[in-house]
Amino acid sequence: MLDKIKNPSSIMRPAPFWSWNDKLDPDECRRQIKEMAEEGWGSFFMHSRVGLVTPYLSKEWFDLCNICAEEAEKYGMFAWLYDEDKWPSGFAGGLVPQNPEFRAKELILLKKDQITENDTVLKEYENKGATYYICKRIEPLGNKWFNFAAYTDLMSRDAIKYFLETTHEQYKKYCGDKFGKSIPGCFTDEPCYLFYGHDGQYRTPWSDCLPSFFEKMHGYKIEDQVEKLFFDVENYKKIRFDYYKACTALFKESFTKQYYDWCTANNLKYVGHYMAEDSCWYQTQWVGDVMSQYEYMSWPGTDKLCRHIEQNVTNKQASTVADQLNKERAFSEVFGCQGGQVSFFERKWVGDWQTVLGINFVNHHLSLYSMRGERKRDYPANLFYQQPWWKEEKYLSDYFARICAFGAEGKRDVSVLLFQPLTTVWCNYSPMHMDTSNFDTSCLLEKSFDIPFATAAKRFMDEKLDYHFGNEEIMSKYAKVSGDRIVINDYSYSVVFVPPIENMTSSTYELFKEFSQNGGKLIFTEGLPTMIDGEEAEISFDNYQIGMDLNDSIKMAKDAYTPDIKIEDRALFFQKREDCNCPEIWCHAREVEGSKRYFLANTNEKRIIDAKITIDTDKPVAVLDTFDGSLYKAKSNVMECTFAKAGSLLIVVGDEAKEATELCPPVIGSGVCFADLSGELPVATINNFETKVLDKNVLLLNEIKLSMNGEVYEGPICGSWFTLFYEAPDGCPYIAQYSFDSAIEIENCFLAMEVAENNDEILFNGVPVKPLKKYGEMGAFSPEKSWLDVNFTKVPLPKIKIGTNTITITGKKINNITGPGFHDKIHVPIEEYHPTEVEEAYIVGDFSLLKVSDGKFVIVNKQEPDHKNITDSGYPFYIGKVSLKSWFEADKLVGKKYYIKLMDAYKSSAEVIVNGKKCGVGIFDNDMIDITEAMKMGHNDVEIIFATTLVNCFGPNRNYLIKDMKGISPGLFISMDMFHNSYELFQYGIGSYSVWEI
């Protein structure tokens, strides 16, 4: 019965955004798909990204889609479509907005001197002595982000029909025979009814289709009331409620449903996510109501950016609709912006947290076809073959596949409905609240409604009181009262919890009124709402409770419902804390054919938790190790164990648990120890190693003298990209000079430089040197010719001399990058397009580096680094693996289990080999690797091979705040405001290991 978790299918496996960001070569595409298959990925999304050269939606493009779908099928994988050239979806790379009727429109509040030729005045309005003009603006062409076009009016059915004809129908023409087979669906990315600008002007969504739609829905003309969308006057709350209800409905009808219907008719799944899902405030501004849109998605989705777990609402919105409307999966685009230093451990931490919240499809962001130029700065990390840890990726892929399979089977155990205060925010939202001069007002919506809502969402998970959100539009269509419960399809709720609100819809009011009359538990916070559908109303219920504040209301919910699992945090328990039901370990419980499964995750990535787990059951209990798929008997329904930082545990209760034949071992790979080691001592502790780097060292050259277009730039290369190089016209000659110092003469080094073969000449100390690739050479990645990446070409160097060495590059600028994250179409035949880059350069060889001043290193004789910190001992920019060899003595073997525990380990992965036998790979924090089968009496040889990441070499590494930032964007690579001479480098190394007999 547990086979789907033990041996998950391809569709359960991770699926990356595969960044199609260059001139694509069929052989290289095939090679990269093979890499994905070997490392356990089950799908990929063919995603146009910054730097694309192969013409979007050209025959070459569709040919490649077919080639990749066919290659995927060979490996039992799936090739997903992505519907846009970058994002947000809807402009078809710039084709749709060429028709002015299809361009995005908005209501914009202007002073007279701000009115442009693109504005039509709808109303003149005076407020506090100032005259304003409320205008309909048609977005002009010329926006860099939209390939010098504009965004699309997504409330126009005709515009979306044309978008589907331009994009989706073309995929159908060329690839339609694979729809529903090797091509299972299509991803939409961040569509929105208003693409909000950042120019300080106040705007709301608009469409030429809106006035008639609005009048039909509400019976009056919105054109007569537009000032109330901006100014808090008269009955503005009612107008705003009606307005955002109409905008949401028109957006859903024109874009979402039309899109969904097309995909359904053509045997494709419609997946992806909408813009600004994060809060009610943001949704109102960009899309109206995300959960309402999810009704017409095959797999509702979300976007999880940055290195934190602060988006509980976002994830619960998607999983709620997936559950309530019986959809197969809840989807997440995840790991974007986490930075080049991101580790397996951090990805597990975020992935576990999302699984607890109901996400069961992992869409990695981002895997780069090419790291050339601006591409490498595309919201890192790059999770692909260029990474030194890549060959260990399958361990995490298998783990994610298993927890996704857990989340996709059966039915979630939920009894609480947490009301979403979205329509209250609709009633109050004005774009003028964003005015920083009016800060108190701008924070009002968040403080009063969004923050309490998000706080409740977190607190309920802390208390093990699982819930779904109550979205008013979903409830109006699908909810009913049955006895003392509210029922939405297969789910019923005995407790309805309402955070602070002002408004509810009339349908919600009638639903809750019947629920309370039947004895349902209805809990309000701080008082009853005062409005229905945006208008003041008398509201009363027969049976309800009101909490004085959020804490009081949550206590009422706890009294109303007791979960069948309790998790004591032993540290808090012994402090006699009332909250010893371990708020940091969250639980996701599912019922499957008479059995029950509990996935527990330590959401604290910095704290080890000693826990006592009690499950209210008399049925058999087992533990499934999601790291390797093994199933073990539990001794009872009470378990005492230790969760590692971000550790997780899957418990199975019922008939499925009978499948287990062996007792649970002391340690399982997902990060839980069942042995009490607090009073024990290790058999041995080893902190001396024979250290050896397994790859060549790297000297990063990121100071440059660049001469082009009559200007000379000298300094850090990041200062030249968007001030000189990318701004210059194609064909502009340049001379780029780099220099570095060496304290020794050394041979057999090479220069690694992006598309070096396309330059006119490369001189090393005045002597011409030749790249190993020919001008314009394509083909699959070859380690003989390229370093790390398909476009990083090797240039063999003659002997490096003592003193200063210089590299001089002469070439002509050919490049389609127009800004950080922007690109333009190629305007010459693709076969004639041979791009150049002026980027950082890399000296690669068998040497060490000595720091001589801030930001400056010189080459010295090769020395093996300090195992505790290779970064600070000669390998500051090292990309690769390091071998640590040691040994220990075992004077007896007593039939117990033996483990190696890594300590002070700063790595992405660490393979443990004992007596020549591979025992396992540590990819989490505080790894304990089972070495029992390799142990022998007496002398035991141990080798630990750990991997670094790309971050120290590719940065951003001279930004003095980089280590504290939770999110990394392209702009941080060029931010001279935070630049300093010293490098901000991450430590890599392993301090010691201990051997445990348990």
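**Close-ups of salt bridges and cavities**

**View A. A network of salt bridges links E28, R31, K34, E35, E38 and K391.** A salt bridge here is a side-chain nitrogen of Lys or Arg within 4 Å of a carboxyl oxygen of Asp or Glu. The structure holds 70 of them. Keep in mind that this is a predicted model, so local features need pLDDT of at least 70 and side-chain atom pairs count only at pLDDT 80 or more, while totals for chains, interfaces and linings use all residues. Residues are numbered from 1 along each chain as its sequence is written, and side-chain values use heavy atoms, with hydrogens and water left out.

**View B. D22 pairs up with R372 in a salt bridge.** Their closest N and O atoms sit 2.8 Å apart. This one links distant parts of the chain, 350 residues apart: D22 is in the loop between β1 (17–20) and α2 (26–38), and R372 is in the loop between β13 (367–368) and α12 (393–408). Helices (H or I, at least four residues) and strands (E, at least two) are DSSP runs, numbered from the N terminus. Both D22 and R372 are buried; buried means under 20% relative accessible area, exposed over 50%, and partly exposed in between, with a 1.4 Å probe and protein chains only.

**View C. Helix α7 (residues 236–265) holds the D242 and K238 pair.** The salt bridge has its closest N and O atoms 3.2 Å apart. Because D242 and K238 are 4 residues apart in the helix, about one helical turn separates them. D242 counts as buried at 1% relative accessibility, and K238 does too at 18%.

**View D. E295 forms a salt bridge with K252.** Here the closest N and O atoms are 3.5 Å apart. K252 lies in helix α7, and E295, 43 residues away, is in the loop between α9 (290–294) and β10 (301–305). E295 is buried at 6% relative accessible area, and K252 is buried at 7%.

**View E. The largest cavity has a volume of about 210 Å³.** A cavity is a set of points on a 1 Å grid over the protein atoms alone where a 1.4 Å probe fits but cannot get out, and lining residues have an atom within 4 Å of a point. Of the 20 lining residues, C718, P956, N957, R958 and F973 are the closest to the centre of the largest cavity.

**View F. The second largest cavity holds about 180 Å³ of space.** Among its 19 lining residues, K23, V755, E777, M778 and N791 come closest to the centre.

Conventions
On a 1 Å grid over the protein atoms alone, a cavity is a set of points where a 1.4 Å probe fits but cannot get out, and a pocket is an open set with protein on both sides within 12 Å along at least five of seven lines; lining residues have an atom within 4 Å of a point. Grid points are joined across faces, edges and corners, and a volume is the space filled by probe spheres set on the points.
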